[in-house]
Amino acid sequence: MGLSIQEFFRLVLPPAGWFYVVALGGAVRKGKHKGYKTLDSNEAVGWAMGEWQRSQLSVYFTPCTWTQQYVQNEDGKNKNCRKHPELVHRLRCLWLDIDSLKLNQTIKESSADLVRFTKQVGLPLPNAVVRTG
């Protein structure tokens, strides 16, 4: 049985810090932002993602948290922290995105390669796998 959004976030996201979430509409590659939020809890991130998914938007989030909610740019406007690695607060998981289609592989083949790789370099096997299609 799969995890709920909140259960997934409790597993992979740090328990403290500021979280960054963005919703994209239309052609994802064009990156048209419908909205972004900097939130202060796993529950808030789960809520935002659920709301945006109900609107059939593509939703992305950072796997780490930030030390502050915003950073001011030269114009004095608040900007999100995602382009400031020095402000990363915590990272709880190792994040890996395998695009089987681009590798010209089936999901089963990509999974087998991942298992071989983790054993070869001494990493643990994944404790969560998300298949997004």
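Author: A residue is called buried under 20% relative accessible area, exposed over 50%, and partly exposed in between. The model here is predicted.

Reader: What makes Q105 partly exposed?

Author: Its relative accessible area is 22%. That value falls between the cut-offs of 20% and 50%, so Q105 is partly exposed.

Reader: Where is Q105 found?

Author: Q105 sits in the loop between β7 (88-91) and α3. Setting aside neighbours within four places in sequence, Q105 is in contact with S100, S110 and D113.

Reader: How do you know that Q105 is in contact with those residues?

Author: Contact means heavy atoms within 4.5 Å. S100, S110 and D113 meet that test with Q105.

Reader: Is S100 buried or exposed, and how do you know?

Author: S100 has a relative accessible area of 11%. That is under 20%, so S100 is buried. S100 also lies in the loop between β7 and α3.

Reader: Which residues is S100 in contact with, leaving aside its neighbours within four places in sequence?

Author: They are Q105, T106, I107 and S110. S100 and S110 are 10 residues apart along the chain, and their C-alpha atoms are separated by 6.1 Å.

Reader: Why is N104 called exposed?

Author: N104 has a relative accessible area of 71%. The cut-off is over 50%, so N104 counts as exposed. N104 too is found in the loop between β7 and α3.

Reader: What is phi of N104?

Author: Phi of N104 is near 60°, a positive value in a residue other than glycine. Most residues other than glycine have a negative phi.

Reader: What follows α3?

Author: G122 follows α3, and the phi of G122 is positive, near 80°.

Reader: Which residues of α3 are buried?

Author: S110, L114 and T118 are the buried residues of α3. They cover an arc of only 75° around the axis, which puts them on the same side of α3.

Reader: Which exposed residues does the face turned away from the buried side of α3 carry?

Author: That face carries K108, R116, K119 and Q120. Each is called exposed, so each has over 50% relative accessible area.

Reader: Which residues of helix α1 are buried?

Author: In α1, residues 5-12, the buried residues are F8, F9 and V12. Seen down the axis of α1, these fall within an arc of 95°, so they line one face of the helix. The buried residues of α1 pack against α2 (42-54) and β3 (58-61).

Reader: What makes W47 partly exposed?

Author: W47 has a relative accessible area of 48%. The exposed class needs over 50%, and the buried class needs under 20%, so W47 is partly exposed. W47 belongs to helix α2.

Reader: Which residues does W47 touch, not counting residues up to four places away in sequence?

Author: W47 touches Q6 and K37. W47 and I5 are 42 residues apart in sequence and 8.3 Å apart in space, C-alpha to C-alpha.

Reader: Why does T38 count as buried?

Author: T38 has 9% relative accessibility. That is under 20%, so T38 counts as buried. T38 is in strand β2, residues 32-39. Not counting residues up to four places away in sequence, T38 touches W18, F19, Y20, Q69, Y70 and N80.

Reader: How many helices and strands are there in the protein?

Author: There are 3 helices and 7 strands. Along the sequence, the pattern is α-β-β-α-β-β-β-β-β-α.

Reader: What share of the residues of the protein count as buried?

Author: Of 133 residues, 29% count as buried. The accessible surface of the protein comes to about 9600 Å², with 52% of that belonging to carbon and sulfur atoms.

Reader: How many positive and negative side chains has the protein?

Author: The protein has 18 positive and 11 negative side chains. The centres of the two sets lie 4 Å apart.

Definitions and conventions: Residues numbered from 1 in each chain as written. Predicted model: local features only at pLDDT ≥ 70, side-chain atom pairs only at ≥ 80, totals over all residues. Heavy atoms only, no water. Buried < 20%, exposed > 50% of the residue type's maximum accessible area, 1.4 Å probe, protein only. Helix = DSSP H or I, 4+ residues; strand = E, 2+ residues; numbered from the N terminus. Arc of directions from axis to C-beta. Areas by Shrake-Rupley, 256 points an atom, 1.4 Å probe, with all protein chains shown as cover. Lys, Arg positive; Asp, Glu negative; His and termini not counted. Charge placed at Lys NZ, Arg CZ, Asp CG, Glu CD.
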